[in-house]
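Trainee: I would like a close look at one part of this model, the aromatic rings and the charged groups around them. Please go through it step by step.

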Amino acid sequence: MTAPNTTLPAAIQATRHDFNSASAGRIHYYADTSASGRPLLLIHSINAAPSAIEMKPLFEHYRAQRPVYALDLPGFGHSDRSKRRYSPELFAGVIAEFLEQVVKVPVDVAAFSLGCEFAARATLQQPTLVTSLTLLSPTGFNLRGLPTGKAAERAYQFLSVPVVNDGLFSLLTTRASIKFFYNQAFVNGIPPELIDYAHATTHQPGAKYAPLYFLSGQLFTPQAGETLYSKLTVPVLVLYDRDPNIDFHELPDFLGRHPNWLAQRIVPTRGMPQWERPAETAAAMTHFWATRAA
């Protein structure tokens with residue numbers, strides 16, 4: 001187990017805690033429980049440089065209105081970054097443990113990108129503890145194929161060679177690379193704090209371990225629409241527009257077959273509506289809770 005990180009700053013200025021996951025060790029989270037009401041749990045995405053900072057605008061917006069929690073998923077931020085096998089089951093299991101051990105009451109969950117698949121999987125594990133799901137630019141509605149099974153294992157074996165992964169991860173986590181990838185996700189300028197924090201969090205001990213599983217394709221659930229999303233019975237809101245990695249080609253048909261699902265475009269955005277259009281994103285979420293997830 002990796003030791004608590006003492007050099008990485010806080011992603012969110014809020015009270016910080018750890019809880020011990022049976023499967024993933026020390027898990028860090030931010031919380032503001034000063035307000036009353038149904039809690040909100042925020043789940044970030046998975047890429048080379050994610051952390052709870054991806055959900056910061058929603059944390060700041062709602063912290064005075066209701067209890068809010070934001071996780072650093074295993075392998076990222078201030079959570080344990082041990083060298084282990086990272087999988088969809090591991091991430092979902094941590095979310096489910098957090099709901100059961102820490103929050104303990106029904107919550108609304110808002111997740112981002114690949115984090116949406118983990119949030120959906122955790123909801124299926126703890127259906128009585130999730131009142132609704134808001135999915136921001138969710139993966140799983142794309143025609144683009146991803147390596148799975150043996151192909152993903154072969155990709156990971158290649159990426160796990162130290163000379164390969166050290167070079168690749170170093171390339172992906174330069175300030176220039178981070179700015180390049182964020183530039184694809186914003187219509188307008190990139191908030192400097194996102195670039196600064198992404199650079200800081202990717203230059204911590206153990207930072208490469210979890211992203212290697214992401215880069216090899218092993219963290220995506222094949223046909224997530226049918227294997228995960230279609231099984232959800234709670235109200236679900238999808239907030240999206242354009243995204244450099246997701247075309248949402250399958251979303252309209254899916255919505256037509258699942259009446260508990262709604263979708264709204266947050267325009268113009270390119271994958272991070274919570275940062276580019278925070279007021280519109282929060283307004284859509286608040287309206288959804290008031291009308292469908294009361």
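Trainee: How many aromatic pairs does the structure hold?

Mentor: This is a predicted model, in which local features need pLDDT of at least 70, side-chain atom pairs count only at pLDDT 80 or more, and totals for chains, interfaces and linings use all residues. Residues are numbered from 1 along each chain as its sequence is written, and side-chain values use heavy atoms, with hydrogens and water left out.

The structure holds 17 aromatic pairs (rings of Phe, Tyr and Trp, the last by its six-membered ring, with centres within 6.5 Å; planes under 30 degrees apart are stacked, over 60 edge-to-face, the rest tilted). One of them joins tyrosine 29 and phenylalanine 98: the ring centres are 4.8 Å apart and the planes lie at 75°, so this pair is edge-to-face. Tyrosine 29 belongs to strand E2 (residues 25-32) and phenylalanine 98 to helix H2 (residues 88-103), so the pair ties together parts that are 69 residues apart in sequence. Helices (H or I, at least four residues) and strands (E, at least two) are DSSP runs, numbered from the N terminus. Both tyrosine 29 and phenylalanine 98 are buried (under 20% relative accessible area; exposed is over 50%, partly exposed in between, with a 1.4 Å probe and protein chains only). Phe19, Tyr29, Tyr69 and Phe98 form one aromatic cluster.

The charged end of arginine 66 sits over the ring of tryptophan 289, 4.3 Å from its centre (NZ of Lys or CZ of Arg within 6 Å of the ring centre and within 35 degrees of the ring normal). Tryptophan 289 is among the buried residues of helix H12, together with Thr281, Ala282, Ala284, Met285 and Phe288. Seen down the axis of H12, the buried residues fall within an arc of 160°, so they line one face of the helix; the arc is that of the directions from the helix axis to the C-beta atoms. On the other side of H12, Ala279, His287 and Ala290 are exposed.

Arginine 66 also forms a salt bridge with aspartate 108, their closest N and O atoms being 2.6 Å apart (a side-chain nitrogen of Lys or Arg within 4 Å of a carboxyl oxygen of Asp or Glu). Arginine 66 lies in the loop between helix H1 (56-62) and strand E4 (68-71), and aspartate 108 in strand E5, 42 residues apart. Both residues are buried. Aspartate 108 forms a salt bridge with arginine 38 too, at 2.9 Å between the closest N and O atoms. At 27% relative accessibility, arginine 38 counts as partly exposed.
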